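Student: Let's go through this one. Start with whatever I need to read the neighbour lists.

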Amino acid sequence: DIDVDADDTDATGIYSGGRKKGSGFSAEVSKKVVTDYKTGKIDFDTFRERVNIKRAAPERKSADLDMFANIFKQYYSPKMSTTFFTERTPNYEILDNFGVIYSISTYSSYVDGRYYSMPVLDRKKVSSEERKEAIEELYPKFESDIKSFIIDYGRTIRSLQEDDMLLLKIKMTKCEDCTIPKTIDVSVKMNVLKQFDQQKISREKALASIEIKKNFKSSNF
């Protein structure tokens with residue numbers, strides 16, 4: 001079976017590039033821009049526009065960030081996920097004075113001759129129209145689930161500072177004429193996760209602090 005959504009390129013974001021052996025990209029941004037973003041003087045879109053992309057230095061790694069990526073792959077595997085799934089361990093980029101950015105691709109189905117199979121729903125011989133309908137129904141559940149995942153497992157990250165950001169840049173499953181976004185950015189500050197871990201805020205408040213930015217126009221990574 002061939003993954004209907006997969007391509008030969010790694011998912012990359014505005015801050016990071018698809019990692020291949022011996023190549024890749026990194027991002028730079030001035031301290032003033034970071035400060036302006038954190039103090040609310042500029043919005044997230046303006047911040048992204050002021051990030052400079054360049055050839056990457058050797059990858060910076062952290063055991064807890066690796067563990068989070070591996071947990072994500074397992075949690076959203078075709079056998080375990082209840083919404084969309086992934087088949088790659090997410091790449092991540094550590095940015096000083098910002099936090100960490102994970103680049104992720106999600107899928108919904110495999111090609112099955114003239115039809116599709118959807119392992120998450122345990123359905124085979126799914127038509128194009130049935131697949132589209134299923135994706136539309138799964139997307140809201142995915143939004144809710146990804147927030148819960150971040151709350152439950154993001155707090156295992158210990159190497160970041162409280163004012164750092166955890167950002168997941170997610171390329172959504174391909175679906176022609178669907179109303180779901182092409183990509184989403186899911187972000188939360190680490191202090192929210194740490195406060196929840198220490199039972200200083202409720203689960204509801206922690207979930208409400210997670211921001212989801214949706215892009216419907218094109219897949220930019």
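Tutor: Two residues are in contact when they have heavy atoms within 4.5 Å. This is a predicted model, where local features need pLDDT of at least 70, side-chain atom pairs count only at pLDDT 80 or more, and totals for chains, interfaces and linings use all residues. Residues are numbered from 1 along each chain as its sequence is written, and side-chain values use heavy atoms, with hydrogens and water left out.

Student: OK. What is Ser 127 in contact with, beyond four places in sequence?

Tutor: Tyr 115 and Tyr 116. Ser 127 sits in the loop between β8 and α4. Its C-alpha is 9.0 Å from that of Ser 117, 10 residues away along the chain.

Student: And how accessible is Ser 127?

Tutor: Partly exposed, at 22% relative accessibility. The scale: buried is under 20% relative accessible area, exposed is over 50%, and partly exposed is in between (1.4 Å probe, protein chains only).

Student: How much of the protein is buried?

Tutor: 46% of its 221 residues.

Student: How many helices and strands are there?

Tutor: 6 helices and 11 strands. Both are DSSP runs numbered from the N terminus: helices are H or I with at least four residues, strands E with at least two. Among contacts with a separation of 6 or more, 67% link residues 24 or more positions apart.

Student: Give me a case. What does Arg 60 touch, neighbours within four places aside?

Tutor: Tyr 92, Ile 94 and Asp 96. The C-alpha atoms of Arg 60 and Ile 94 are 6.7 Å apart, across 34 residues of chain. Arg 60 lies in the loop between β3 (52-55) and α3. At 43% relative accessibility, Arg 60 is partly exposed.

Student: Switching to helix packing. At what angle do α3 and α4 pack?

Tutor: About 140°, with axes 12 Å apart; α3 spans residues 63-75 and α4 residues 128-153. Axes are lines fitted to C-alpha atoms, for helices over the stretch in contact, and angles run from 0 to 180 degrees between N-to-C directions. The pair is therefore oblique. Under 35 degrees would be roughly parallel, over 145 roughly antiparallel, 65 to 115 roughly perpendicular, and the rest is oblique.

Student: Which residues make the contact?

Tutor: From α3, Phe 68, Ile 71, Phe 72 and Tyr 75; from α4, Asp 145, Ile 146, Phe 149 and Tyr 153. That is 7 nonpolar, no polar and 1 charged. Here Ala, Val, Leu, Ile, Met, Phe, Trp, Tyr, Cys and Pro count as nonpolar, Asp, Glu, Lys and Arg as charged, and the others, Gly among them, as polar.

Student: Now the core. Which residues have the most contacts inside the largest one?

Tutor: Tyr 102, Ile 146, Ile 150, Leu 166, Leu 168, Ile 170 and Val 186, in a core of 43 residues. A nonpolar core is a set of buried Ala, Val, Leu, Ile, Met, Phe, Trp, Tyr and Cys residues joined through side-chain atoms within 4.5 Å. Elements that each supply at least two residues include α3, β5 (99-105) and β9 (165-171). α4 gives the most, with 9 residues.

Student: What does Ile 146 touch, beyond four places in sequence?

Tutor: Phe 72, Tyr 76, Leu 168, Ile 170, Val 186 and Ile 212. A second, separate core has 12 residues, including Val 33 and Phe 47.

Student: Last one, backbone. Where is Asp 122?

Tutor: In the loop between β7 and β8. Asp 122 has a positive phi near 55°, and is not a glycine. Asp 122 is exposed, at 69% relative accessible area. Lys 125, in strand β8, also has a positive phi, of about 55°. Lys 125 is exposed at 54%.
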